[in-house]
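Hi,

Here is the structure I promised to pass on to you.

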Amino acid sequence: MAGRARPLSSLSIALLALPFLAGCAIPAAADPAAAGGVEVLDQRVLRREDGTRGIPVGGLSEIAVLAPVDDTGLGRFLAISDDRGEWGPPRALRLDIHFDLQTHRFRILDRDWQWLTATAADGVARPDVIDGEALRYDPSTGHMIWSSEGWPQLQVPPGLYESTLGGELARQLPLPAHFMPDVAKPQARGIRPNKGIEALDLSPGGRHITFLSEFALAQDQYPGRTAHRPILRVVTYDRRAGRPVAEHGYRLELQPDPQAPGGAGGTEINGAVSILLLGDGRYLVLERGFWFGYRLRVRLYLADPTGAEDLLVREAPFEAGVVTARKWLVSDLIGAGLAADNWEGMAFGPDLPDGRKTLILVTDDNFNQLFQSTIIAWIALPPLGAVAARGPAQ
């Protein structure tokens, strides 16, 4: 966007200050005791010049499976970029990755850009600003399903979209009214700026989208929020009907307050940045947070919405006693050995010969590779049945 300065998220602002605090390394809070049996198999750094067509690699906010890993170990993935048009058209980076299931190493092979809005179907208007955050691919329709945080400060709302692999914007899906930000000051309703829908996934067959915003909606706060975990709305959205059909709450974890060790304080910079459905009603959530005194934390959680309240009929503001999804800590990922960086996206990788499921993760470098990198990582999960058996849900 020529002539416009891009507003940064709270996390980006925090990270931009890091070189003045700690050289070129991102300080992190790692708890190896909470690694939870996750094994970091391999990690690869993509350089800015690894992009094609003269467009640098960067700003990768989510990764999705385009073609599952085949018998030869080759899979194809898409990683959406969130640069708001500063470095190129709205796009995702298409990656061919080869996995060696015996040595637990992978190689990134062919790369190219996949356009999201090169053209638009009749009657579909392209947004003035696109800030791509979440992405999944539906093989039943050949469509990419993705979100944009928009630019509320310029009256460009957040949105959900479908694009073909040919680069045509096929459809805009109307967001639930209670997700749409108002223009009041202070904001009283909807998605907060730079805290939009960074996490979505598709049901088998692709009919339903499950999504949640990075942080609580403006109206869903309640008195005493510094002592209680923020509640996010997890929406099940029917693509055919174009409306939500179910909604429940998921509680974010608070960052421990560095001024009060062991206390209940927290920070709004913590957020949910990716979700993966497990096919049995449960799901995985990647939470990433930063506090100057406590430092970067990246954790993976298992959640089960069984018994959670239906929030489609629940009026805001929420109270602290809302019954939300149960959740268990799968792993402190930096404690498990993941590089300390701005991890934002995840997708399922190939199962290992011993039966373990794996994830592919990606970082968003915010186009500042002085102290951040674009990293692709491959990790193996412990049996998720054992995770819930470790102790009571949070």
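The largest pocket has a volume of about 670 Å³. A pocket here is worked out on a 1 Å grid over the protein atoms alone: it is an open set of points where a 1.4 Å probe fits, with protein on both sides within 12 Å along at least five of seven lines, and its lining residues have an atom within 4 Å of a point. Grid points are joined across faces, edges and corners, and the volume is the space filled by probe spheres set on them. Of the 29 lining residues, Val65, Asp201, Leu202, Leu277 and Phe348 are the closest to the centre of this pocket.

Before you read on, keep in mind that this is a predicted model: local features need pLDDT of at least 70, side-chain atom pairs count only at pLDDT 80 or more, and totals for chains, interfaces and linings use all residues. Numbering starts from 1 along each chain as its sequence is written, and side-chain values use heavy atoms, with hydrogens and water left out.

Back to the pocket. Which strands supply at least two residues each of its lining? They are strand 2 (60-67), strand 7 (132-138), strand 11 (199-202), strand 15 (271-277) and strand 19 (343-348). Strands are DSSP runs of E, at least two residues long, numbered from the N terminus. The lining divides into 17 nonpolar, 6 polar and 6 charged residues.

Next, the loop between strand 10 (168-173) and strand 11, where you'll find proline 186. The peptide bond from lysine 185 to proline 186 is cis, with omega near 0°. Asparagine 194 lies in the loop between strand 10 and strand 11 too, and has a positive phi of about 65° although it is not a glycine. Is asparagine 194 buried or exposed? It is buried, with a relative accessible area of 14%; buried means under 20%, exposed over 50%, and partly exposed in between (1.4 Å probe, protein chains only). Its side chain makes a polar contact of 3.4 Å with that of arginine 84. A polar contact is a pair of N or O atoms within 3.5 Å; within protein, one must be able to donate a hydrogen and the other to accept it, and residues adjacent in sequence count only if both atoms are side-chain atoms.

Asparagine 366 has a positive phi as well, about 55°. This residue sits in the loop between strand 20 (358-363) and strand 21 (374-380) and is partly exposed, at 22% relative accessible area.

Now take strand 21 itself: 7 of its 7 residues are buried, so it is largely enclosed by the rest of the structure. Thr374, Ile376, Trp378 and Ala380 are on one side, and Ile375, Ala377 and Ile379 on the other. Strand 21 pairs with strand 1 (residues 39-46) in the antiparallel sense over 7 bridges, where pairing takes at least two bridges found by DSSP. In that pairing, valine 40 has isoleucine 379 as its bridge partner. Strand 20 also runs antiparallel to strand 21, joined by 5 bridges, and threonine 358 is partnered with alanine 380.

Cheers

Conventions. Helices (H or I, at least four residues) and strands (E, at least two) are DSSP runs, numbered from the N terminus. Ala, Val, Leu, Ile, Met, Phe, Trp, Tyr, Cys and Pro count as nonpolar, Asp, Glu, Lys and Arg as charged, and the others, Gly among them, as polar.
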